[in-house]
Amino acid sequence: MQRTKYASEFKDEAVKQVIDKGHSVVDVAKRLGIPDNVLYAWVSKFKKADEPQSSDLKAMQAEMAKLKAELRRTTEERDILKKAAAYFAKQSG
């Protein structure tokens, strides 16, 4: 039995019909003339590629925590500088 090769554009369009347009895998497979299990595999592969990996997720969470701390520190510095500017404006005026 020979395996059929499908173009990546064909695969993308088939997956889009299932994911974006909400058609069932069985209906799309039947309309396109491909086996159901092949389309299920493409959809599964697409969903896995779309999810962030756990290591990526942990790295993103760590960076977000770092950026929040930096924002908090910068906001505090800005507030201190505003108060200092107001104080010195009173002193000179």
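User: Why is K16 called partly exposed?

Analyst: In this predicted model, K16 has a relative accessibility of 42%.

User: What makes the contact of E13 and K16 a salt bridge?

Analyst: The distance from N to O between the side chains of E13 and K16 is 3.9 Å. The cut-off is within 4 Å, for a Lys or Arg nitrogen and an Asp or Glu carboxyl oxygen, so the pair qualifies. E13 is partly exposed, with a relative accessible area of 43%.

User: Why are E13 and K16 separated by about one helical turn?

Analyst: Because they are three residues apart in helix α1, which spans residues 8-19.

User: How many salt bridges are there by this rule?

Analyst: The count is three. One of them joins the side chains of E77 and R73, at 2.9 Å from N to O; these two residues lie four apart in helix α4, about one turn. The side chains of R78 and D79 also meet in a salt bridge, at 2.9 Å from N to O.

User: What makes D79 partly exposed?

Analyst: The relative accessibility of D79 is 31%. Buried would need under 20% and exposed over 50%, so D79 falls in between. For R78 the value is 44%, which also counts as partly exposed.

User: Which helix has the lowest mean pLDDT among the elements?

Analyst: Helix α3, residues 36-50, with a mean of 88. The highest mean, 93, belongs to helix α2, residues 25-32.

Definitions and conventions. Residues numbered from 1 in each chain as written. Predicted model: local features only at pLDDT ≥ 70, side-chain atom pairs only at ≥ 80, totals over all residues. Heavy atoms only, no water. pLDDT = per-residue confidence, 0-100. Buried < 20%, exposed > 50% of the residue type's maximum accessible area, 1.4 Å probe, protein only.
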